[in-house]
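Hi everyone, thanks for coming. Please have a look at the model on the screen, and I'll walk you through a few spots in it.

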Amino acid sequence: MIQRNEANLHKNWQKELANVVTCPKTLLEMVGLSSQVHENDLKARSLFPVRVPIPFIKKIRKGDPNDPLLLQVMPRHQEFLTKSGFNKDPLLEQDNDQPGLLHKYKSRVLVMFKTGCAVNCRYCFRRHFPYQENQLNKKSLLETLSYIKSDSNINEVILSGGDPLMAKDDAISWFLDELEQLPQIKRMRIHSRLPVVIPTRITDELCERLAKSPLKIIFINHINHANEIDADFKAAMQKLKQANVTLLNQAVILKDVNDTLDAQINLSEALFDADVLPYYLYLLDKVEGASHFDINEEDAIKIMAELLKALPGFLVPKLVREIGGQKSKTPIDLKLGSVNL
């Protein structure tokens, strides 16, 4: 049974969402940095809006322009660079016949349940995605459910976005009600960054509804650095764990953020301390505006080879690359590099 904490401030998650920082100057001031020094960086706001929740800002080291959390959310002048191989649709998702629904894999469909995000990560592979054309209302969600029902090969539904936890609990509960009526569905997966940027989003009501579901519920966090994990996040994970939710994490290996052996060891250890298992470590999707985060595949392989020596196997994520048009993730063989499947 999930234990309720009446002192819990979970009702405030929407207030925290409404108070996200959208001005890069304000962000710099809050972390003790000069906006004048970073004047050239501020202009990159025009390429991709700034959105950073205050609970995440509080984890950023004050006065450190190279803090790994700050680098993930602060616009930088390098975003104006153009580099061969980087484009606005690296995963070939934007010419989609079914708005809000991606059916790349035979047994799984991805539903863009909510197209907004609580935080705008500067390396986001969907930073140019036409979300306005892919918003789903109740009518289009019913059409999506009809599509899922018509294909007996589909046994898993992935809620993504944006971020599906931008939706209210009752909207998620309604969709789960509908999914539970489809006999072929075994699992529902939720991909979200919200627990690490606004931990109060994991409400008692949400956990109670997930606990009641006959479906297997998998929660995929998106955390790139150990410093993102704090007591509030751990408390949110415990609530999900009590709801019998499987807790996993996927990360992206990012230059100057987590591209060292120590950073990866610390991330895996911190995740496990929070009862979350490392799942995937992605090479950067080559999206326009994020080339300064990219590292060589060979360098990632070297880190992974050392990570295997340093950690037990269950704490080592799978190194993968996502290639547009492919029917699965592309695993990175530590001896051969990218493996074409």
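Let's begin with a question: where is the place of His225? His225 is in the loop between β5 and α10. One thing before I go on: this is a predicted model, so please keep that in mind throughout.

Is His225 buried or exposed? With a relative accessibility of 12%, His225 counts as buried, because the cut-off for buried is under 20%. And who is around? If we skip the neighbours within four places in sequence, His225 is in contact with Pro68, Leu69, Gln72, Val257 and Leu267. The side chain of His225 also reaches the backbone nitrogen of Asn227, at 3.0 Å. Then there's Gln264: along the chain it is 39 residues apart from His225, yet 7.7 Å separates their C-alpha atoms.

Okay, on to charges. Side chains of opposite charge can pair when their charged atoms come close. How many salt bridges does the structure hold? The count is 19. I'll show you a few.

Take Arg201 and Asp169, which form a salt bridge with their closest N and O atoms 2.8 Å apart. Arg201 sits in the loop between α8 and α9, while Asp169 belongs to helix α7, so this pair ties together parts that are 32 residues apart in sequence. Both partners are tucked away from the surface by our cut-off: Arg201 is buried at 0% relative accessibility, and Asp169 is buried at 18%.

Here's another one. Asp177 and Arg209 meet through their side chains in a salt bridge, 2.7 Å from N to O. This pair links distant parts of the chain too, with Asp177 in helix α7 and Arg209 in helix α9, 32 residues apart. Asp177 is partly exposed, at 34% relative accessibility, whereas Arg209 is buried, at 15%.

Asp294 is buried, with a relative accessible area of 18%, and Lys286 is partly exposed at 28%. Elsewhere, salt bridges that share partners join Arg61, Asp64 and Asp67 into one network.

Let's stay with α9 for a moment, since Arg209 is in that helix. Which residues of α9 are buried? They are Asp204, Leu206, Cys207, Arg209 and Leu210. An α-helix has 3.6 residues a turn, so residues three or four places apart point the same way.

Last stop: the empty space. Rolling a probe the size of a water molecule over the atoms shows where empty space is left. What is the volume of the largest pocket? About 900 Å³. It is lined by 45 residues, and the closest to its centre are Phe125, Arg126, Ser160, Gly161 and Gln250. At least two lining residues come from each of β1, β2, β3, β4, α8, β5, β6 and β7. And how does the lining divide up? There are 24 nonpolar, 10 polar and 11 charged residues.

That's my tour. If you want to go back to one spot, I'd pick His225 again, buried in the loop between β5 and α10.

Notes
Residues are numbered from 1 along each chain as its sequence is written. This is a predicted model: local features need pLDDT of at least 70, side-chain atom pairs count only at pLDDT 80 or more; totals for chains, interfaces and linings use all residues. Side-chain values use heavy atoms; hydrogens and water are left out. A salt bridge is a side-chain nitrogen of Lys or Arg within 4 Å of a carboxyl oxygen of Asp or Glu. Helices (H or I, at least four residues) and strands (E, at least two) are DSSP runs, numbered from the N terminus. Buried means under 20% relative accessible area, exposed over 50%, partly exposed in between (1.4 Å probe, protein chains only). On a 1 Å grid over the protein atoms alone, a cavity is a set of points where a 1.4 Å probe fits but cannot get out, and a pocket is an open set with protein on both sides within 12 Å along at least five of seven lines; lining residues have an atom within 4 Å of a point. Grid points are joined across faces, edges and corners, and a volume is the space filled by probe spheres set on the points. Ala, Val, Leu, Ile, Met, Phe, Trp, Tyr, Cys and Pro count as nonpolar, Asp, Glu, Lys and Arg as charged, and the others, Gly among them, as polar. Contact means heavy atoms within 4.5 Å. A polar contact is a pair of N or O atoms within 3.5 Å; within protein, one must be able to donate a hydrogen and the other to accept it, and residues adjacent in sequence count only if both atoms are side-chain atoms.
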